[in-house]
Amino acid sequence: MPFNHHFDIPTGITYLNTPGNGLLPRSTRQWRTERDNAFFDVAGKLRDQQPAFIQEVRADIADVFNTDVQRVFATPNFSFGFTTLLDRLPRTFKYLLLNEDYPSLNYPVISRGLTYRTVEVNEQLENNIRNGINEFRPDVLLLSIVQYVNGIKIDLAFIQEIKRAHPNLLIVGDGTQFLGTEPFSFDISGFDGLGASGYKWLMSGFGNGFFMISERLEHLLNTALDERPLPQEAMWSSKTIIQTFFEPGHQDTLSHGSLSQSLRFLKGIGLHEVKKHVETVSTVAYEELARRDLLLPSVANRSIRSSLINIQIPPSCYSDLTDKGILCFPRGSGIRVGIHLYNTVGDIERLIEVIDTYR
Ligand SMILES: Cc1ncc(COP(=O)(O)O)c(C=O)c1O
């Protein structure tokens, strides 16, 4: 079955707004309806089984992104997970940030008065980071894998290389604009911490996210919390001290369960197949846009590409595009689109057809 048949996309809609929020597979939506009914059934037992359910969600995350379930935390979104981590790290740490990265990464560092320096995001991104590390000697490198405005994607082999060269540097990432588009193995990635919200490329709706941490970061956090007593109450006896920070209260099992469902859906298709499809459709988009000189120069000059593209047409085209059923979003100097599993070459042809009327 073609991948878009797993989604309910009305005729006349070309959905390219995954960098804003992704579509839910029909199977996830069906599950949500059934789950909500069963969950609030007065005589039902599901409301009393929340901890075991969240453990299954963590297990699905660990399974898909290849890590140990003990080092996965279910959070309501990326931002909560990241600030929870940040507030556990020594205040003396120095942070290397990317200029104009998503505000949920940079602003918490700035607002807490921590020491930081930024590097430019351009076609030389990896070199800029390398130089930043050598000159500034940060304790933490913090970055989104895919930049939310221009779509520049870090070379993931470079992260591994940096980790080998600087084993003491903590590398903390945001996978919100990336996870769900290709296979990713956290334990060999070089990242010490990686979080994401589930509502974009993971196609899971709002209210769910997660954070994964490396053994090294787990050890560092445990050492910092060494002197603190574990919770004494029986109902919290199975929580690790790190969990008491990342998962302090009750979780929404409908939201987190949606993440599980969509992860299982992605696993069923195979993230290799997702990658193949996304690359095939994105390649057509990149070629057509490059031919019309509508890519950002910093993107056009890089060989590593994401499936988030900022098309250099005036942001004011947004309302006409949406009027024509092309769902996208104005960001930075252009219009941002994303190409995911449910998109087709036909979607790109439709987009280009409309863009050509502006020229
Ligand atoms: C790079 C990146 N990270 C994170 C997020 C979302 O984070 P949160 O769901 O915590 O607001 C976005 C949303 O646009 C994003 O683009």
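**A friendly note on this predicted model**

1. Let's start with helix α5, residues 125–136. (The expected span is 1.5 Å times one less than the number of residues in the helix.) Helices here are DSSP runs of H or I with at least four residues, strands are runs of E with at least two, and both are numbered from the N terminus. Just after α5, R137 takes a positive phi of about 50°.

2. Some ground rules. The model is predicted, so please keep in mind that local features need pLDDT of at least 70 and side-chain atom pairs count only at pLDDT 80 or more, while totals for chains, interfaces and linings use all residues. Residues are numbered from 1 along each chain as its sequence is written.

3. Next, the domains, whose bounds come from an automatic or database domain assignment. Domain 1 is made of 3–25 + 271–356, and domain 2 covers 29–268. Their C-alpha centres lie 26 Å apart.

4. How many residues of domain 1 are in contact with domain 2? There are 27, and they touch 23 residues of domain 2; contact means that C-beta atoms, placed from the backbone, lie within 7 Å. On the domain 1 side, α10 (271–291), α11 (297–300) and β9 (308–311) each give two or more residues. The largest share, five residues, comes from α10.

5. Now find G180 in the loop between β6 (170–174) and β7 (193–197). G180 counts as buried because 26 other C-beta atoms lie within 10 Å. (The cut-offs are 20 or more for buried, 12 or fewer for exposed, and partly exposed in between, with C-beta atoms placed from the backbone.) Leaving aside neighbours within four places in sequence, G180 is in contact with W201, L202, M203 and L266. The C-alpha atoms of G180 and L263 are separated by 8.2 Å, although these residues are 83 apart along the chain.

6. Turn to the ligand. The residues around it include N77, F78, S79, Y102, D174 and S197, where a residue is near if its C-beta atom, placed from the backbone, lies within 6 Å. The shell divides into three nonpolar, seven polar and one charged. (Ala, Val, Leu, Ile, Met, Phe, Trp, Tyr, Cys and Pro count as nonpolar, Asp, Glu, Lys and Arg as charged, and the others, Gly among them, as polar.)

Definitions and conventions. Two residues are in contact if their C-beta atoms, placed from the backbone, lie within 7 Å.
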